[in-house]
Amino acid sequence: MKVYDESNVFAKMLKGDIPVNKIYEDQYAIAFADIHPKAPVHLLVIPKGAYTDFSDFTSKASSEEISGFFKAVGAVAAEQGLVDGGYRLVMNTGRDGGQEVPHLHVHILAGKKLAF
Ligand code: AMP
């Protein structure tokens with residue numbers, strides 16, 4: 001089992017130790033722009049709880065946290081005007097998934113027709 005690393009960059013954002021330009025916040029999640037965008041729109045949504053990745057989240061978080069988090073992802077997409085054009089959700093998980101930051105996050109990619 002992975003131990004949550006309290007010093008990861010998203011944990012520092014949640015604690016207010018480093019600045020974050022939030023585009024969305026509710027009791028379950030915050031969202032902000034990815035610092036190295038891979039599409040015209042590239043947003044990240046992270047839960048407020050300390051979860052390393054998708055497996056950690058789905059095995060430990062309450063049903064309320066899980067539904068609240070995914071509702072937040074949908075709200076961000078709607079508020080950012082992405083529903084009509086569509087978007088892609090990506091959750092890199094663990095080593096083979098290419099996850100770099102060990103705090104669960106959903107990438108929202110949009111703004112052009114994305115190649116697979
Ligand atoms: P992943 O590879 O799925 O762990 O993605 C981590 C993402 O976090 C990458 O796309 C990074 O560009 C992004 N990232 C890392 N540090 C920051 C930061 N300080 N602000 C915004 N995005 C960041």
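1. Helix H1 (9-15) and strands E2 (29-33), E3 (41-47) and E5 (106-110) each put at least two residues into its lining. H1 gives the most, with three. Helices here are DSSP runs of H or I with at least four residues, strands are E runs of at least two, and both are numbered from the N terminus.

2. Keep in mind that this is a predicted model: local features need pLDDT of at least 70, side-chain atom pairs count only at pLDDT 80 or more, and totals for chains, interfaces and linings use all residues. Residues are numbered from 1 along each chain as its sequence is written, and side-chain values use heavy atoms, with hydrogens and water left out.

3. On to the pocket itself. A pocket is an open set of points on a 1 Å grid over the protein atoms alone, where a 1.4 Å probe fits, with protein on both sides within 12 Å along at least five of seven lines; lining residues have an atom within 4 Å of a point. The largest one holds about 540 Å³ of space, a volume being the space filled by probe spheres set on the points. Its lining has 25 residues, with Asp34, Lys38, His42, Leu44 and His107 nearest the centre.

4. Now look at the ligand's oxygen atoms. A polar side-chain atom of Asp34 lies 2.5 Å from one, and a polar side-chain atom of His107 is 2.8 Å from an oxygen atom too. Glu100 uses its backbone instead, with an N or O atom 2.6 Å from a ligand oxygen.

Terms used. A polar contact is a pair of N or O atoms within 3.5 Å; within protein, one must be able to donate a hydrogen and the other to accept it, and residues adjacent in sequence count only if both atoms are side-chain atoms.
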